[in-house]
Amino acid sequence: MASHTSDATETKAKFTSALDAAEPPIDRKPAAGETVTGDDKSKEHLALEDAVEVDADLEDDNDPEISQIPAEVRRVVSLHDDTTLPTLTFRYFLLSTIFVVPGAFLSAMNYFRTTYAPYSVFFVQIASNYVGLWLARVLPSRQVRIPFTSRTFSLNPGPWSVKEHVLVTVTAASGATSNLAITPIALSELYFDQHIHPAAAIFFMWSIDAIGYAFAAIARQVLLYEPAYPWFQALCQTALFETQSKQNKNPTPAARKQIRVFWWVLLGITLWQFLPEYAFPMLNSLAFLCWVAPHNRIANFIGSGLGGMGFLNLTFDWANMSNYNAGVPLFLSPWWSQVVLFCSFVMSCWVLLPAAKWGGLGGYPYCLMTNRACTADGDTYPVTDLVTPQNTFNQTAYEENGPIHLGVHYLWSIFFDYASYISAYSWIAFFGAGQIKEGYKKFRARRSNPGQGINHQWYVADTDRLNVLMRSYKEVPLWWYFALFLASFASIMTIVGLDIMYIPWWTFLVALATGAAVVVPLGWLYAISNFQLPIGTFNELLYGTMVQNLSSNRSPIGASVYGSIAGDAWYRAQYMLQDQKIGHYMHVPQRAIFFSQVFGLILGVPINYAAMRWIIDTKRDYLTGAVEDPTHIWTAQSLTSSLTMGVQYVLIGPTRLFQHEQFKPLPYAFLVGAACPAIIYLLHRLFPRAKFQLWNTTIFFSGASIFYGNVSTGYFSRFVGGFVVMYWAYRYRYQLWAKYNFILAAAFDAGFNLNMLLIFLIFGSAKVIVMPNWWGNDASSVEKCYALDD
């Protein structure tokens, strides 16, 4: 059937990352007038074990409850519910703890690395299912009384429930993540030797996440229950949940084969990653030009992926290939988005870098491959000297050292970051205004029918089946979100009021306002495209504008404090909405989903802090740049960027900064970001068949804003891998792709993260064991690029 996938289906799949993956479309019928050849007929008659019937096959497409649900959702989501399934059980609490603790640790560790693969939610989803089935077999079914109460619970309430499974995964997605507050806390200690009390740090980390969760209440009325917004990541996970549920009830040979593939690939990646991550670092970056001319400076710069252009550079390290910093996962993102991302990489690394290196682009020849602030002659700028003990601007030190200079590469990274932020709004205005307007009309219609839950209110005349099913459960009352907001608001206000976190109290209120303002528009962008826009730089710029004329509160750390509050307000709101959409698809009670998300947050934050402490204590010299990490992994690239931005926007201030000749082009980025979507929209209207709408300027600008100075390897390998997986396999081996794509995605990420944990436990937890130098771990250059200059 792969050769007979309809054009409409292919086009939709390009936008939705082919979301029918968990259930191959074996029952799709030929389009009108389409002839089924004998070969195709043989493909129609698949083995019984591969035939999957979905609820939509048993429903009338003309039924109003069904027709309002998009076709790709109907192919995945069950349209029936069992309200008797257990949810918040002892097994849930046990498994949530087991999976959140290592995930929170690894995610915080990843924050200090140049490249990383995330703690895979697919790994949690697959592994927790097997552990849950095992617990259902071995746990006793006796009742246990809760201390100091008369209530009891069962250790084993019966068969492992798919709703327990969903809740464990949602808890891990909430707690097994990193935290934006790590930035200001780590900066204060690494660069200013100012230690924030652990209690204040943990409460601040918890509060900025909780505010984001509370802000989800703003967008859920518009984006969550509207069936037109599929939330593609949520739909992908739902497809896997549904497949696992069916396998648990009636396992087939095909299902068992899928699981064997998962475990064998996970084992293979776990063992393989010991090579590039520890024993054979040369596999991080295969710089073929350096092999040919190891002492030629030009060849080294062109070919190196660890400080050069990365031209035709390959990597066999999954961390470099997956690199979620780019925001476009190899196994999950449609081919068109991977092409856009690769084009931005080509422009940045293969066009602009040589133009800056040898063509005089930017007029500043120093510090091209570093994101640290520099002096006029290229030395590292003593940024800490610009802060007085009273956290004010040291004008004398500034005059002695001169204006801050940035490498041209880092400068255009900031330019495109500004452009991507404005481009997101402009793109929505041109390509999404109609959908937002329609959603607002439905919101107004619901308001005219008060006194019922949101699932009752969603449509006045006719409600889709998914909302009808959710009427069986109590909705989360608004005051729960409000209570969460008040608790976190009081916590941060106290910390800020005591001058622990470097910002004036009133800027905290502005951060809340700006965070709330972006929840709906950027939530809409994520709901329809699966692309999450990073917006940190703009927040720092806004903060610098507000405080540049103050005589106090001028610490550069304040910019990252403000950015963590305003940024997490959006990021955590998005996470909460996405996981609530999973609960909506899987018919899990709304209140259970809400509890699981908050519980994950409570579990994960202390582990985040502990991981940060371990990294700072063991990798301090690498992180500060006092000692160069030969693998270019422990560079704290994000921290360095945050420090540089803090100095620019807080100490120097936007007004003085943009008067400097080097920074004058930056404000034009806002014009570029606003104009380019308009141009693309005009071309799309003039040439509708040319598919200009696929050239999303927000993704392009966001890709160009990535700083490639430390690591430029991986992008070419990712492009090749994306071509094989998301273009060739999807188009020409669809049945195979549909059966194994998400399984492989989970196995690759899970294997990498398991390897990171093993390396930590074996080589770094008690006594640090360093890999001896040899040909594949060259002390001078793991790439054999011996003439690569800084």
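Modeller: A disulfide is a pair of cysteine sulfur atoms within 2.5 Å. This is a predicted model, so local features need pLDDT of at least 70 and side-chain atom pairs pLDDT 80 or more, while totals for chains, interfaces and linings use all residues. Residues are numbered from 1 along each chain as its sequence is written, and side-chain values use heavy atoms, without hydrogens and water.

Colleague: How many disulfides does a search of the whole structure find?

Modeller: In general, a disulfide is a covalent bond between the sulfur atoms of two cysteines. Here the search finds two. One joins C290 to C785, with S to S at 1.9 Å. The other joins C367 to C374, at 2.1 Å. Counting bonded cysteines along the chain, the pattern is 1-4, 2-3.

Colleague: Why is the disulfide of C290 and C785 called right-handed?

Modeller: The torsion about its S-S bond is about 95°, so it is right-handed. C290 lies in helix α13 (residues 288-292) and C785 in the segment after α32, so the bond ties together parts 495 residues apart in sequence. Helices here are DSSP runs of H or I, at least four residues long, numbered from the N terminus. For C367 and C374, the torsion is about -120°, so that disulfide is left-handed.

Colleague: Is C290 buried or exposed?

Modeller: Buried means under 20% relative accessible area, exposed over 50%, and partly exposed in between (1.4 Å probe, protein chains only). C290 has 0% relative accessibility and counts as buried. C785, at 4%, is buried. Both C367 and C374 are buried. For two other cysteines, C349 is buried with 0%, whereas C343 is partly exposed with 28%.

Colleague: Now the rings. How many aromatic pairs does the structure hold?

Modeller: A ring pair is described by the distance of the centres and the angle of the planes. Rings of Phe, Tyr and Trp (its six-membered ring) pair if their centres lie within 6.5 Å; planes under 30 degrees apart are stacked, over 60 edge-to-face, the rest tilted. This structure holds 53 aromatic pairs. Take Y278 and F763: their centres are 3.9 Å apart and their planes at 10°, so the pair is stacked. Y278 lies in helix α12 (residues 274-279) and F763 in helix α32 (residues 734-763), so parts 485 residues apart in sequence are tied together. Both Y278 and F763 are buried.

Colleague: Why is the pair of Y421 and F538 stacked?

Modeller: Their ring centres are 4.3 Å apart and their planes at 15°, so the pair counts as stacked. Y421 lies in helix α18 (residues 408-431) and F538 in helix α24 (residues 536-547), so the pair ties together parts 117 residues apart in sequence. Y421 is buried at 9% relative accessibility. F538, at 23%, is partly exposed.

Colleague: Which residues do ring pairs link into a cluster?

Modeller: The cluster holds F311, W335, F342, F345, W350, Y715, F716, F719, F723 and Y727.

Colleague: Where does the charged end of R656 sit?

Modeller: A charge sits over a ring if NZ of Lys or CZ of Arg is within 6 Å of the ring centre and within 35 degrees of the ring normal. The charged end of R656 sits over the ring of Y398, 5.6 Å from its centre. K357 lies over the face of F301, at 4.8 Å from the ring centre.

Colleague: What is the mean pLDDT of the protein chain?

Modeller: pLDDT is the predictor's confidence in each residue, from 0 to 100. The chain's mean is 82, and 86% of its residues reach 70 or more. Over residues 1-53 the pLDDT is below 50, and this stretch has 94 contacts beyond near neighbours in sequence. Contact means heavy atoms within 4.5 Å. Residues 457-462 are below 50 too, with 21 contacts beyond near neighbours in sequence.

Technical notes
Helices (H or I, at least four residues) and strands (E, at least two) are DSSP runs, numbered from the N terminus.
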